[in-house]
Amino acid sequence: MNEKKQVGEKAADFVKDGMVVGLGTGSTVYYTLLKLGTFVQQGLSIRGIPSSIQTEKLALELGIPLVSFDEIEQIDVAIDGADEVSSDLNLIKGGGGALLREKIIAKAAKTFIVAADSKKMVNQLGSFPLPVEVLPFGVEMTSKYIQELGGSTKLRQKDGIPYLTDNGHYIVDCSFQDLTHPEVLEKDLNLIPGVIDNGLFVGMADIVITMNANQQIDINLRK
Ligand code: DER
């Protein structure tokens, strides 16, 4: 069976009546949203905060009520996907271009749950190029400073022009040879003028739901 569907649907089981739910972005959390839509039709009362325009549209289609931050105290649970998950549950995110709002939502959540198929699970982060959200102004200089940190940079394109995030920024995809200290790199990148944020989510995931080698659901808790 489809691993993304299994882990995505399992994540929906962590959502309880009355919760404010951070809604992630991507093809795994797509299944979480479908399940939550069914639960809402069956009477579950939740309020969602979407991490992208794409997720906002899907949630509205599914009848999931949406709120914005000025209407809530905090998020009870946020559910999202990831591009890579390390053995200590650090993440690379941003493959879907939604990392900035995803990180704001994940930070605001009492519990941050990641649903990831087994291919995302790695010993060490870095095979997936690290997405970095940058201001379009001066992107050439910002990229140079990222290169000085050891990353080779590639401006993300869509239909032959630079990809624009929901926030009107660019994404630079960065390949680092050495990502043994993601907690250091996450901070160093964000000190560069022009970097808005990056796809390293260090120490943020509380629970990671994945599939093990026996095709069973694995629930991993951050130590
Ligand atoms: O952009 C992101 O971080 C998304 O969560 C995304 O990369 C997850 O990927 P998926 O489509 O494989 O779930």
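Me: Is Ser51 buried or exposed?
Reply: Buried. In this predicted model, Ser51 has a relative accessible area of 2%, so it falls under the 20% cut-off for buried.

Me: Where does Ser51 lie?
Reply: Ser51 is in the loop that links strand 2 (47–50) to helix 3 (53–62).

Me: And what does Ser51 touch, leaving out residues up to four places away in sequence?
Reply: Its contacts are Leu23, Gly24, Thr25, Ala98, Arg101, Glu102 and Ile105.

Me: Which side chain does the Ser51 side chain make a polar contact with?
Reply: That of Thr25, at 2.6 Å. A polar atom of the Ser51 side chain also lies 3.5 Å from the backbone oxygen of Gly24.

Me: OK, on to the ligand. How many residues surround it?
Reply: 16, and the closest are Ser27, Asp83, Gly94, Gly96 and Lys120.

Me: What about Thr25, how far is its backbone from a ligand oxygen?
Reply: A backbone N or O atom of Thr25 sits 2.9 Å from a ligand oxygen. Ser27 has a polar side-chain atom 2.7 Å from an oxygen of the ligand, and for the side chain of Asp80 an N or O atom is 3.3 Å from a ligand oxygen.

Me: How much of the ligand's accessible area does the protein cover?
Reply: 93% of the 350 Å² that the ligand has on its own.

Me: Which residues form the nonpolar surface patch?
Reply: Leu135, Phe137 and Ile196, with about 310 Å² of accessible area together.

Methods
Residues are numbered from 1 along each chain as its sequence is written. This is a predicted model: local features need pLDDT of at least 70, side-chain atom pairs count only at pLDDT 80 or more; totals for chains, interfaces and linings use all residues. Side-chain values use heavy atoms; hydrogens and water are left out. Helices (H or I, at least four residues) and strands (E, at least two) are DSSP runs, numbered from the N terminus. Buried means under 20% relative accessible area, exposed over 50%, partly exposed in between (1.4 Å probe, protein chains only). A polar contact is a pair of N or O atoms within 3.5 Å; within protein, one must be able to donate a hydrogen and the other to accept it, and residues adjacent in sequence count only if both atoms are side-chain atoms. Contact means heavy atoms within 4.5 Å. Patches are made of residues with over 30% relative accessible area and no salt bridge: like charges are joined within 9 Å, nonpolar side chains (Val, Leu, Ile, Met, Phe, Trp, Tyr) within 5 Å. Accessible areas come from the Shrake-Rupley method with a 1.4 Å probe; for residues, only the protein chains shown count as cover. A salt bridge is a side-chain nitrogen of Lys or Arg within 4 Å of a carboxyl oxygen of Asp or Glu. A residue is near a molecule or strand if one of its heavy atoms lies within 4 Å of it.
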